[in-house]
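Please look at the sequence and the structure together while reading this report. The sections below take up the surface, the strands and the charged pairs in turn.

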Amino acid sequence: MGRSRRFAAALAFSMLVPTTVTGCSRFFGCVPEPPDDITMADLAGVYTRPEGGRIELGEDGRYSASNLPGATDRSEEGRWTLDLESASTEDLTLGDLQVWISGDREEPWLYRFEGDPDSCDLIEFHRTH
């Protein structure tokens, strides 16, 4: 089979296989995987970004957030959940807002995508100490 036929076959196959919310971004390595063993206690803390925006995660599953890009301009509070088992969705949710995890257990950081996940434009939130 020629190179162009193999490419066409691969392209056709990729159109049939459903992609995840994060698209190919984790597959191609521009978005790191979360630590396998991270817990809610590891993630508890305050995360900010220099451009503004704040997320506070409590060990009890409660969160508060303000000035989140791509979300609301107001402050909000609610419950957050951690789901590292699902390969097709976010790592955690803040109410109905999708958020992903990177880093390690000692220094985790959170991110969202700005626009198409395959563009690898991340909105990063780093834990403050």
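## An exposed aspartate and its surroundings

In this predicted model, aspartate 36 has a relative accessibility of 77%, and because residues over 50% are classed as exposed, aspartate 36 counts as exposed. Its place in the chain is the loop between α1 (3–16) and α2 (40–43).

Aspartate 36 also belongs to a patch of negative charge on the surface, where Glu33, Asp36, Asp83 and Glu85 gather.

Strand β1 (residues 45–48) runs antiparallel to strand β2 (residues 54–57), and 4 bridges join the two.

Which salt bridge do glutamate 56 and arginine 54 form, and how far apart are the closest N and O atoms? The two residues form a salt bridge with each other, and the closest N and O atoms are 3.4 Å apart. Glutamate 56 is partly exposed, because its relative accessibility is 34%, and arginine 54 is likewise described as partly exposed, with a relative accessible area of 33%.

β2 pairs in the antiparallel sense with strand β3 (residues 62–66) as well, over 4 bridges. β2 and β3 form a hairpin with 4 residues between them, and glycine 61 in the turn has a positive phi of about 90 degrees. Aspartate 60 takes part in a salt bridge with arginine 62, the closest N and O atoms being 3.8 Å apart. With a relative accessibility of 47%, aspartate 60 counts as partly exposed.

β6 is mostly covered, since 5 of its 7 residues are buried. Strand β5 (residues 92–94) runs antiparallel to β6 and is joined to it by 3 bridges, and leucine 92 has valine 99 as its bridge partner in β6. β5 and β6 form a hairpin with 2 residues between them, where glycine 95 in the turn has a positive phi of about 65 degrees.

β6 also runs antiparallel to β7, with 4 bridges joining the two strands. One of the pairs here is glycine 103, whose bridge partner in β7 is proline 108. β6 and β7 form a hairpin with 4 residues between them.

## A salt bridge across the chain

A search of the whole structure finds 5 salt bridges. In one of them the side chains of aspartate 42 and arginine 105 meet, with a distance of 2.6 Å from N to O. Why can this pair be said to tie together parts that are 63 residues apart in sequence? Aspartate 42 lies in helix α2, whereas arginine 105 lies in the loop between β6 (97–103) and β7 (108–113), so the contact links these two parts of the chain.

Is aspartate 42 buried or exposed? Aspartate 42 counts as buried, because its relative accessibility is 15% and the limit for a buried residue is under 20%. Arginine 105, by contrast, is partly exposed, with a relative accessible area of 32%. Both residues belong to a network of salt bridges that links Asp37, Asp42 and Arg105.

Definitions and conventions. Residues are numbered from 1 along each chain as its sequence is written. This is a predicted model: local features need pLDDT of at least 70, side-chain atom pairs count only at pLDDT 80 or more; totals for chains, interfaces and linings use all residues. Side-chain values use heavy atoms; hydrogens and water are left out. Patches are made of residues with over 30% relative accessible area and no salt bridge: like charges are joined within 9 Å, nonpolar side chains (Val, Leu, Ile, Met, Phe, Trp, Tyr) within 5 Å. Accessible areas come from the Shrake-Rupley method with a 1.4 Å probe; for residues, only the protein chains shown count as cover. A salt bridge is a side-chain nitrogen of Lys or Arg within 4 Å of a carboxyl oxygen of Asp or Glu. Lys and Arg count as positive and Asp and Glu as negative; His and the chain ends are not counted. The place of a charge is taken as NZ of Lys, CZ of Arg, CG of Asp or CD of Glu. Buried means under 20% relative accessible area, exposed over 50%, partly exposed in between (1.4 Å probe, protein chains only). Two strands pair if DSSP finds at least two bridges between them.
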